Amino acid sequence: MHTKRDYEFVNEADAIEFAEQQKVPYDPSADVYVRGPFLVDESKIYKDMEGIEPRSPYWKVTVEIYK
């Protein structure tokens, strides 16, 4: 079984705290991979695209679990 979830946070401190909590294996038979936190600033990503309203910057953490 494989699950992949992305989580978004308003500030970096909350994202770091969440990422650290996810690194602790809650199931010894599962492999848990945590990526992030990364700052996502859509105003820079979509700066040359017309008609796209970028969201406010946010912090992203991805958690993948293989079991």
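The following dialogue explains how to read several features of a predicted model.

Reader: Which conventions apply to this model?

Author: This is a predicted model, in which local features need pLDDT of at least 70 and side-chain atom pairs count only at pLDDT 80 or more, while totals for chains, interfaces and linings use all residues. Residues are numbered from 1 along each chain as its sequence is written, and side-chain values use heavy atoms, with hydrogens and water left out.

Reader: How is a sheet read, and in which order do the three strands stand?

Author: Strands of a sheet pair through backbone hydrogen bonds, either parallel or antiparallel. Strands (E, at least two residues) and helices (H or I, at least four) are DSSP runs, numbered from the N terminus. Two strands pair if DSSP finds at least two bridges between them. Here three strands form an open sheet in the order β1-β3-β2, with antiparallel pairing. β1 (2-9) and β2 have a single partner strand each and stand at the edges, so one side of each lacks a neighbour in the sheet. From one strand to the next the twist averages 15°; the axes behind such angles are lines fitted to C-alpha atoms, for helices over the stretch in contact, and the angles run from 0 to 180 degrees between N-to-C directions.

Reader: How many bridges join β1 and β3, and how many join β2 to β3?

Author: β1 and β3 pair in the antiparallel sense over eight bridges. Within this pairing, Thr3 has Ile65 of β3 as its bridge partner, and Asp6 has Thr62 of β3. Eight bridges also join β2 to β3, and these strands run antiparallel. Lys60 in β3 is the bridge partner of Phe38.

Reader: Is β3 mostly covered or mostly uncovered?

Author: A residue is buried under 20% relative accessible area, exposed over 50%, and partly exposed in between (1.4 Å probe, protein chains only). β3 is mostly covered, as seven of its nine residues are buried.

Reader: Which residues of helix α1 are buried, and where do they lie around the helix axis?

Author: An α-helix has 3.6 residues a turn, so residues three or four places apart point the same way. In α1 the buried residues are Ala15, Phe18, Ala19 and Gln22. Seen down the helix axis, the buried residues of α1 fall within an arc of 100° (taken from the directions from the helix axis to the C-beta atoms), so they line one face of the helix. These buried residues pack against β1, β2 and β3. Other residues of the helix include Ile16, which is partly exposed at 38% relative accessible area, and Asp14, which is partly exposed at 39%.

Reader: How far apart in space are Asp14 and Trp59?

Author: Their C-alpha atoms are 8.9 Å apart, although Asp14 and Trp59 are 45 residues apart in sequence. Likewise, 9.8 Å separates the C-alpha atoms of Ile16 and Lys60, which are 44 residues apart along the chain.

Reader: Which residues make up the largest nonpolar core?

Author: A nonpolar core is a set of buried Ala, Val, Leu, Ile, Met, Phe, Trp, Tyr and Cys residues joined through side-chain atoms within 4.5 Å. The largest one has 10 residues: Phe9, Ala15, Phe18, Ala19, Ala30, Val34, Trp59, Val61, Val63 and Ile65. At least two residues of this core come from each of α1 (12-22) and β3. β3 gives the largest share, four residues. Contact means heavy atoms within 4.5 Å; leaving aside residues up to four places away in sequence, Phe18 touches Tyr7, Phe9, Val61 and Val63.

Reader: How many aromatic pairs does the structure hold?

Author: Rings of Phe, Tyr and Trp (its six-membered ring) pair if their centres lie within 6.5 Å; planes under 30 degrees apart count as stacked, over 60 as edge-to-face and the rest as tilted. The structure holds three aromatic pairs. In one of them, the ring centres of Phe9 and Phe18 are 5.2 Å apart and the planes stand at 45°, so the pair is tilted. Phe9 and Phe18 are both buried. In another, the ring centres of Tyr33 and Tyr66 are 5.8 Å apart with planes at 80°, so the pair is edge-to-face. This pair links distant parts of the chain, with Tyr33 in β2 (residues 31-40) and Tyr66 in β3 (residues 58-66), 33 residues apart. Ring pairs also link Tyr7, Phe9 and Phe18 into a cluster.

Reader: Which peptide bond is cis?

Author: Most residues other than glycine have a negative phi, and most peptide bonds are trans. The bond from Gly36 to Pro37 is cis, with omega near 10°, and Pro37 lies in strand β2.
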